[in-house]
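Please read the sequence and the structure below together. The paragraphs that follow go through a helix, a set of paired strands and a pocket.

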Amino acid sequence: MTEHITNTGHTEHTGHTASPGNTPGSTDAYEVVVIGGGAAGLSAALVLGRARRRTLVVDAGEPRNAPAAHMQGYLSRDGMSPAEFLAIGREEIARYGVELVRDRAVDATREGDFAVTLAGGRTVRARQLVVATGLKDELPSVEGLAGRFGRDVLHCPYCHGWEVRDQAFGVLATSPMSVHQALIVTQWSKDVKLFLHTVGEAELSDEDLRRLAAAGVDVVPGEVAGLVVEDDRLTGVRLAGDDVTGAGTVHAREALFVAPRAVPRTGLLARLGAEMTETPFGRYPVVDGRGLTTVPGLWAAGNASGFAEQVVNAASRGYRAGAAINGELLMGDLDAAVRV
């Protein structure tokens with residue numbers, strides 16, 4: 001089924017259904033293609049549409065913050081649902097003739113312009129390419145964890161701390177760096193337990209232990225087996241049982257913080273030859289202050305450019321990239337005209 005939203009010449013459609021100019025195997029040329037329809041991609045597209053650039057957004061519809069009911073800390077949008085935020089963004093880019101296709105970019109090459117192959121069979125070309133594909137979160141394999149993520153299993157206290165303030169917190173350690181998370185969340189609750197899970201007590205430094213004690217954080221050794229949920233609410237964290245009893249201790253908790261493993265969706269950037277750098281949070285492209293990678297015309301924005309981009313930061317990155325791209329296109333055309 002093809003979904004159409006008509007607004008000042010804008011069309012949103014799926015990539016798997018034939019429509020005018022979108023038959024499998026066809027090639028369409030744009031000035032800019034934006035891969036990713038989250039905050040960063042839509043922000044870049046908004047700037048480019050207002051600059052009268054023929055722009056296409058390719059959106060697979062997999063926003064990182066989909067599990068969350070609300071997003072916080074975005075001035076004037078605090079408390080808005082992520083789905084509503086994106087819907088408004090799509091409406092806004094439509095006013096300026098930006099096209100959006102529901103599809104997935106599966107390959108990209110560059111021979112002069114960029115050629116992007118979509119899962120639906122379409123190939124689109126662009127003079128400039130923005131990759132704003134974000135990242136995905138991989139949670140520890142603990143029973144019940146994934147089903148509560150974004151509700152009472154949380155990762156960012158700045159995003160969710162106020163909403164669970166003064167409740168009984170747990171922090172599920174995924175590495176010794178989880179000590180930092182346990183210390184930070186004490187700003188929102190003074191009842192905090194750090195569950196070491198697979199982290200050994202010997203892996204914590206003396207400084208870690210001193211700070212945890214000073215902050216009043218209770219350190220709980222032992223592996224976590226699962227969560228206790230009653231009436232659709234987290235009520236406890238259950239440790240793995242020993243060989244004798246077969247049942248583990250349950251610690252009453254109302255919110256559990258965890259640091260998921262961040263997996264950047266940066267495969268297209270690497271495939272196009274962008275220089276990448278290893279970080280503690282994954283492999284990201286080397287970019288300048290505007291978001292330009294080491295490949296001319298190839299840009300990264302949002303969580304495709306770095307781990308710590310919240311929605312407001314991602315939107316800012318997209319805006320900056322969009323403005324810079326318009327300038328690059330304009331100056332490039334003027335220089336070409338001068339050479340002629």
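Arg 210 is exposed, with a relative accessible area of 57% (buried means under 20%, exposed over 50%, and partly exposed in between, using a 1.4 Å probe and protein chains only). This is a predicted model, in which local features need pLDDT of at least 70 and side-chain atom pairs count only at pLDDT 80 or more, while totals for chains, interfaces and linings use all residues. Residues are numbered from 1 along each chain as its sequence is written, and side-chain values use heavy atoms, with hydrogens and water left out.

Arg 210 belongs to helix α6, residues 206-215. Helices (H or I, at least four residues) and strands (E, at least two) are DSSP runs, numbered from the N terminus. From Arg 210 to Phe 114 the separation is 96 residues in sequence and 54 Å in space, C-alpha to C-alpha.

Strand β5 (residues 105-111) pairs with strand β6 (residues 113-118) in the antiparallel sense over 6 bridges; two strands pair if DSSP finds at least two bridges between them. Across this pairing, Arg 110 stands opposite Phe 114 in β6. The hairpin of β5 and β6 has 1 residue between the strands, and Gly 112 there takes a positive phi near 85 degrees.

On β6 there is also an antiparallel pairing with strand β7 (residues 123-131), over 4 bridges. Here Phe 114 stands opposite Ala 126 in β7. The hairpin of β6 and β7 has 4 residues between the strands, and in this hairpin Gly 121 takes a positive phi near 105 degrees. Ala 119 sits in the loop between β6 and β7 and is partly exposed, with a relative accessible area of 42%. Ala 119 and Asp 208 are 89 residues apart in sequence and 48 Å apart in space, C-alpha to C-alpha.

What remains is the second largest pocket, with about 700 Å³ of space. A pocket is an open set of points on a 1 Å grid over the protein atoms alone, where a 1.4 Å probe fits, with protein on both sides within 12 Å along at least five of seven lines; lining residues have an atom within 4 Å of a point. Grid points are joined across faces, edges and corners, and a volume is the space filled by probe spheres set on the points. The lining of the second largest pocket has 23 residues, and His 155, Gln 181, Ala 259, Phe 281 and Phe 307 lie nearest its centre. The elements giving two or more residues to this lining are α4 (157-160), α5 (178-185) and β17 (261-264). The largest share, 4 residues, comes from α5.
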